[in-house]
Amino acid sequence: MSSTTNSPTHHTSTIGAIGAPSRRNTELALLVFAVVIPVFAYANVGLALDGQVPSGLLSYGLGLGLLAGVAHLAVRKFAPYADPLLLPLATLLNGLGLVCIWRLDQSKLLQSLPNFVTAAPRQLLYTALGIALFVVVLIFLKDHRVLQRYTYISMFCALVLLILPLVPGLGANIYGAKIWIRIPGLGSLQPGEFAKIVLAVFFAGYLMVKRDALALASRRFMGLYLPRGRDLGPILVVWAISILILVFETDLGTSLLFFGMFVIMLYVATERTSWIVFGLLMSAAGAVGVASFEPHIQTRVQAWLDPMREYQLSRSGANDGILHSEQAMQALWAFGSGGTLGTGWGQGHSDLIRFAANSDFILATFGEELGLAGVMAILLIYGLIVERGVRTALAARDPFGKLLAIGLSGAFALQVFVVAGGVMGLIPLTGMTMPFLAYGGSSVLANWALIGILIRISDTARRPAPTPAGNPDAEMTQVVRPS
Amino acid sequence: MSELTLTVMRLGFLAVLWLFVIVAVQVIRSDLFGTRVTQRGSRREAARPQQPGRQQARQQAAPPQQRGQQGGGRRGRNAPTKLVVTEGTLTGTTVALQGQTITLGRAHDSTIVLDDDYASSRHARIYPDRDGQWIIEDLGSTNGTYLDRSRLTTPTPIPLGAPIRIGKTAIELRK
């Protein structure tokens, strides 16, 4: 379809690929910028700590640049019309995370801890694997609608991924949350991060089919549309599953993430505000209910309500059988000592948070060393990624792509909210990782895959003249007229 | 390393980080409003919005008079710059006049989609002629288009501020 349009008058205009800018050069320019910023930060850390430019600057800069270049070439080749912002934004966050992890590696205090490992080289390796996964997604996922075929398979996969950490011998209980599986010889893996994506695929496929039933067959009651009981089924099942995660894996964050993602997608699919009301009520009831008997969650809530008391209890070595955490208070102190403009790279003391300083609490390091100004910039960058995802959902032409894009960006936004809110003391702390910034292989891999899928959807959405998919006969058929 | 250098680097880094955010927002901005005017074949210019569906429909309806119009609002001092809906369900809607044809009707691909039983699916269109004067033309609607209480029979230039009535909707051109 070369899409030639004959206007009523005898003027011919071609609407084709020429009109729509692919914006790959914008992406490249931003990407160069996004690589230069972490290199600057890296040099800054070295200068602040040792008074000299770190020896690894060249290799680090080249490494990050090379990875970004490979990702850019893959986008140029396999998704030429994709959104120009997603890749640079993700690259910048990943690069800043790497610098911050490397900076914490230099801390003498953390090096003296018994289970210290130099995390930065590993994180660079994970980043390389993540970019590789991103490229693989772009190459093999030619059309995101293929995923629609695997709606129920992905539900099954997501459930398996979620249950895996509970399997005896495979799961590992690390600091009170059972969200890890140990693979002998490879290290540990957090299947919940991948379940996020797989579950979004299931929700999108399911809601695309069921949304009319959910939206239209409802009774009006006190200004709210109440769905029928049988339509309420799936939301109850998802709610039950997320509560079960909460109970058995004691993982508040993941359960909030899944339930929140489902409610967001349900709202987008049905346009019914009542689902939001139901969702909030149900998650509040579930959280309160579980918190009333689960000691691990109770501690988290205690630490949230009164971090100073927890800190003192932990310091005085209170022996009441509960693991008290001083980290919540320490994170708040880190933010406080950072002030508006921060102490500067390498000059903070967020290593006092000790373990998890480079994973769950990495935002506290940013808060101390870059200050409010830096954290706001980072949160804005997250916001821009989410905005591009929502924009992609708006532009997507097929309902499945719309729902998948909104689900993935919603999950991303929720994860940022849950982690940042937890570290800053807005909500109870949960053991989740800040996407791209925090140290952790599963998180980096899963989030690069997520960005890959978003880029694939945005490429399809922004492609100027859609090639008629699924109708190959149109070109083959020749009409032969008797002359 | 001297204290001064580190302070400069610290502030410099924050500045660079924010510069990146601002550049990214600028890219989004150009993405939102980046309509491109492309010349093709017969030197006709057409504004290209992002959604191809609508774009195609608008171009089909675009009259030849658009030729020579330069996209922006540089047509002289008294040229209208926007079209405002003053009555009806769409009250308050404005459409910027940038040399493009505006179609009115119940059809979904109209520029202004009228939700009105008295409107035809392709009711009327508004377009600039060679001199940049805006013209309204009734497209053979059932209930007619009224310019200042007189029913239109031929394409008519629109004076500034004169109400155009279609069913319960009234629109006018403003500076």
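Author: Happy to! This is a predicted model. Let's begin with residues 102–152 of chain B: the end C-alpha atoms of that span lie 17 Å apart, and the span is 0% helix and 39% strand.

Reader: Which annotation covers residues 102–152 of chain B?

Author: The UniProt record, an unreviewed entry, gives "domain: FHA" for those residues.

Reader: How do strands E7 and E8 of chain B run, and how many bridges join them?

Author: E7(B), residues 124–128, and E8(B), residues 134–138, are antiparallel and joined by five bridges. Across that pairing, Arg125(B) stands opposite Glu137(B).

Reader: And what's between the strands of that hairpin?

Author: Five residues lie between them, and Gly132(B) takes a positive phi near 90° in this hairpin.

Reader: What about E8(B) and strand E11 of chain B, how do they pair?

Author: E8(B) pairs with E11(B), residues 156–157, in the antiparallel sense, over two bridges. There, Ile135(B) stands opposite Pro157(B) in E11(B).

Reader: Switching to chain A: at what angle do helices H7 and H15 pack?

Author: H7(A), residues 191–216, and H15(A), residues 399–424, pack at about 145°, with axes 9 Å apart. Their crossing is right-handed.

Reader: Nice! Which residues make the contact?

Author: From H7(A), they include Ile197(A), Ala200(A), Phe203(A) and Leu207(A). H15(A) contributes, among them, Phe400(A), Leu403(A), Gly407(A) and Ala411(A).

Reader: How many are nonpolar, polar or charged in the contact of H7(A) with H15(A)?

Author: That contact has 13 nonpolar residues, two polar and one charged.

Methods: Residues numbered from 1 in each chain as written. Chains lettered and ligands numbered in written order. Predicted model: local features only at pLDDT ≥ 70, side-chain atom pairs only at ≥ 80, totals over all residues. Axes fitted to C-alpha atoms, helices over the stretch in contact; angles between N-to-C directions. Helix = DSSP H or I, 4+ residues; strand = E, 2+ residues; numbered from the N terminus. Left-handed = near helix turned anticlockwise from the far one by under 90°. Contact = placed C-beta atoms within 7 Å. Nonpolar A, V, L, I, M, F, W, Y, C, P; charged D, E, K, R; others polar. Pairing = 2+ DSSP bridges. UniProt positions renumbered as here; feature names shortened; annotations may be inferred.
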